Every structure is written in structure tokens, then in C-alpha cells.
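I opened the notebook to record what I could look up in one protein model. The sequence and structure come first, and my entries follow.

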Amino acid sequence: MCITRMIDEKRRYRKYKARIEQLPADYRTAVAALERYTNYLGGLGDGASILSMLEDLADLFEQSAADGTAIRAVVGEDPVEFAEAFLRNYPAGHWIIREREKLTKAIDSIAGKER
């Protein structure tokens, strides 16, 4: 990775963090929880993909705060489902889909031998 790209990504991340700090406390807490979960679930793909996802998350919660939209109205009744659906829109989250497919194929091939 070139130094210029690393510096750009670090700058983008700092801007993202500054944006999140401007949110009302409850929105800030929700974004932090979603960020933590998606980072764990997504396996931290490339920096550009992660930053795009985080910036979109910031956009969503900034707009929701500005509109007075309740957090539950943003994430729905199942925040895990919301986070996983959100993450599927970004390449950083695609590794888990491939791993699920590999697991299914492995078990299917074993089950086929058992017949």
C-alpha cells in the first residue's frame, strides 16, 4: 500500500470520527455499536471499502438525527439483521458469504458420500 493512500485513508477516518462526535449521544452510541459489530462480522476488508461503509453509516445517522428519526426506526426491531443487511452492500462483508458457501458445499459433499 502506498503511503499516500494510507494517509488519505487515515484522513478520511478522522473526518468520519469527527462527524460521529457531532451526533447526539444516543445516535453516537448506536453508530459505535454498529461499527464494532460490522468490523467484527465483516472481517475488515480493504480500507477503502471500510471507509465507504463507515461514511455511509455516518450519512444515515446524520440524516436520521437531523430529521428526528428514532434510532429504532432506522435499525428496525432487529439491529443484528440491520447490521448484516447493511454490511452485505460492501465488499468488506462479502468474505462471510463466501465462507458460508464453502461450509455448505463441504457439508453437502460429505452428506452425498453418506448416502
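How many salt bridges are there by this rule? I took the rule to be a side-chain nitrogen of Lys or Arg within 4 Å of a carboxyl oxygen of Asp or Glu. By this rule I get five salt bridges.

**Entry: ground rules.** I noted that this is a predicted model, in which local features need pLDDT of at least 70 and side-chain atom pairs count only at pLDDT 80 or more, while totals for chains, interfaces and linings use all residues. Residues are numbered from 1 along each chain as its sequence is written, and side-chain values use heavy atoms, with hydrogens and water left out.

**Entry: the whole chain.** I looked up the secondary structure and found six helices and zero strands. Helices (H or I, at least four residues) and strands (E, at least two) are DSSP runs, numbered from the N terminus. From the N terminus on, the order of elements reads α-α-α-α-α-α. Of the 115 residues of the protein chain, 27% count as buried. Here buried means under 20% relative accessible area, exposed means over 50%, and partly exposed is in between (1.4 Å probe, protein chains only). I also looked up the accessible area, which comes from the Shrake-Rupley method with a 1.4 Å probe, and for residues only the protein chains shown count as cover. The protein chain exposes about 7,600 Å², and carbon and sulfur atoms supply 55% of that area. For contacts (heavy atoms within 4.5 Å), I took those between residues at least 6 apart in sequence, and 68% of them join residues at least 24 apart.

**Entry: salt bridges.** Side chains of opposite charge can pair when their charged atoms come close. Arg5 pairs with Glu9 in a salt bridge, with the closest N and O atoms 3.2 Å apart. Arg5 and Glu9 are four residues apart in helix H1, so about one helical turn separates them. Arg5 is partly exposed at 37% relative accessibility, whereas Glu9 is buried at 12%.

I then looked up Arg19. Arg19 and Asp59 meet in a salt bridge at 2.3 Å, N to O. Arg19 lies in helix H1 and Asp59 in helix H3 (residues 47–67), so the pair ties together parts that are 40 residues apart in sequence. Glu62 also forms a salt bridge with Arg19, where the closest N and O atoms are 2.6 Å apart. Glu62 is in helix H3 and Arg19 in helix H1, so this pair ties together parts 43 residues apart in sequence. I wrote down Arg19, Asp59 and Glu62 as linked in a network of salt bridges. Arg19 is partly exposed at 23% relative accessibility, Asp59 is partly exposed at 38%, and Glu62 is partly exposed at 28%.

**Entry: helix H3.** The 21 residues of H3 should span 30 Å, and the end C-alpha atoms are 30 Å apart, which agrees. The buried residues in H3 include Ile50, Leu54, Leu57 and Phe61. Gly68 follows H3, and its phi is positive, near 75°.

**Entry: aromatic pairs.** Rings of Phe, Tyr and Trp (its six-membered ring) pair if their centres lie within 6.5 Å; planes under 30 degrees apart count as stacked, over 60 as edge-to-face and the rest as tilted. I get three aromatic pairs by this rule. One of them is the tilted pair of Tyr13 and Tyr16, 5.9 Å centre to centre with 40° between the planes. Tyr13 and Tyr16 are three residues apart in helix H1, about one helical turn. Tyr13 is partly exposed at 33%, but Tyr16 is buried at 1%. Tyr27 and Phe61 form an edge-to-face pair, 6.4 Å centre to centre with 75° between the planes. That pair links distant parts of the chain, with Tyr27 in helix H2 and Phe61 in helix H3, 34 residues apart. Tyr27 is buried at 11% relative accessibility, and Phe61 is buried at 0%.

**Entry: Glu35.** Is Glu35 buried or exposed? Glu35, in helix H2 (residues 25–42), is buried, with a relative accessible area of 8%. Not counting residues up to four places away in sequence, Glu35 touches Tyr13, Tyr16, Lys17, Leu54 and Leu57.

Methods:
Expected span 1.5 Å × (residues − 1).
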